[in-house]
Amino acid sequence: VAGTVEIRFGGRRASLALAPDVHHDAGNEPLYGPLAELVRGNERVLDLGCGHGVLGIVAGLAGASSVTFVDVHPPSVALALANAASNGLGSGARVCEVRGACGDFLAPVKGETFDLVLCNPPQTGGPAALRELHPARFGGADGAAYLVRLAEEAEDVVPDLGARIVYFHLSRANPRRVAHAFEAAGFELERRASQARSFTLAELDALAPGTGSHQLALRARGEAEFTGGEPNGSAVCTMQQALWVATRAFMPR
Ligand SMILES: C[S@@+](CC[C@H](N)C(=O)[O-])C[C@H]1O[C@@H](n2cnc3c(N)ncnc32)[C@H](O)[C@@H]1O
């Protein structure tokens, strides 16, 4: 998809340029208002897996003092920086420093700390073929790999008590494993907002054959939560997409 979209959140708006190879999901918009409400002002923010930069831009417009955009995909970082600038961040009257860095996950910000990390990572669980065909959608076998990795590696980037990680999480991506990972890493969890999202197993199979039945197997093992998809039931499946706040309550060890 190319062109421009306008997003609205909490009485504000932002305009985002899109690019064909940069992720955009219009269905996320209802969660941007609750995200903006979480920004207290003056936080140093990391937008991890920034795509076109929407999460960092929402935070910047809501009062963050700095936003660092990180993505493994160089065109995404470039687009996020351009979108931040076109929305008035990093220059002029609005005091918000903006930076971008390209690389794998937290490696580009090694040695830095943040008050608020925002993350909406790939989280479709599936067979190895999904990783081969759609690496940008693949979230490990159960979809939870990136969020668990974030919890496990968060010690260096959010060491301060009260520092927060705000993440988008689909309930088909192993909610129990993700919650356990954040709690074991010293965070208290709060679900701030959620919305129903629909999908079909056929859509998933179109990404990579076998992904639909893989999802059913995850659900049967208690590693995915969604309704629908039974052989004689509704073809439309429904999961929850939630905005979670993980607040540093203690340091493990
Ligand atoms: C679901 S998209 C979310 C994009 C944007 N934050 C949003 O909410 O619309 C996930 C993003 O994570 C990026 N990504 C995937 N693997 C990554 C990695 N290992 N390190 C950094 N970014 C990664 C992708 O390039 C993509 O831009």
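Which residue takes a positive phi just after helix 2?

1. Gly63 is the residue in question. It sits just after helix 2 and has a positive phi of about 120°. Keep in mind that this is a predicted model.

2. Now look at helix 2 itself, residues 54-61. Eight of its eight residues are buried, so the helix is largely enclosed by the rest of the structure. Find them in the view: Val54, Leu55, Gly56, Ile57, Val58, Ala59, Gly60 and Leu61.

3. Next, the ligand. The space it takes is the largest pocket. The ligand is surrounded by 16 residues. The closest are Gly49, Asp71, Asp104, Phe105 and Asn120.

4. What kinds of residue make up the shell around the ligand? Seven are nonpolar, seven are polar and two are charged.

5. Check the backbone around the ligand too. Gly49 has a backbone N or O atom 2.8 Å from a nitrogen atom of the ligand. For Phe105, a backbone N or O atom lies 2.7 Å from a ligand nitrogen atom. Cys50 also places a backbone N or O atom by a nitrogen atom of the ligand, at 3.4 Å.

6. How much of the ligand's accessible area does the protein cover? On its own, the ligand has 600 Å² of accessible area. The protein covers 92% of that.

Definitions and conventions:
Residues numbered from 1 in each chain as written. Predicted model: local features only at pLDDT ≥ 70, side-chain atom pairs only at ≥ 80, totals over all residues. Heavy atoms only, no water. Near = heavy atom within 4 Å. Polar contact = N/O pair within 3.5 Å; in protein donor to acceptor, adjacent residues only side chain to side chain. Areas by Shrake-Rupley, 256 points an atom, 1.4 Å probe, with all protein chains shown as cover. 1 Å grid on protein atoms, 1.4 Å probe; cavity = no way out; pocket = protein on both sides within 12 Å on 5 of 7 lines; lining within 4 Å. Sits in = over half its atoms within 2 Å of the grid points. Nonpolar A, V, L, I, M, F, W, Y, C, P; charged D, E, K, R; others polar. Buried < 20%, exposed > 50% of the residue type's maximum accessible area, 1.4 Å probe, protein only. Helix = DSSP H or I, 4+ residues; strand = E, 2+ residues; numbered from the N terminus.
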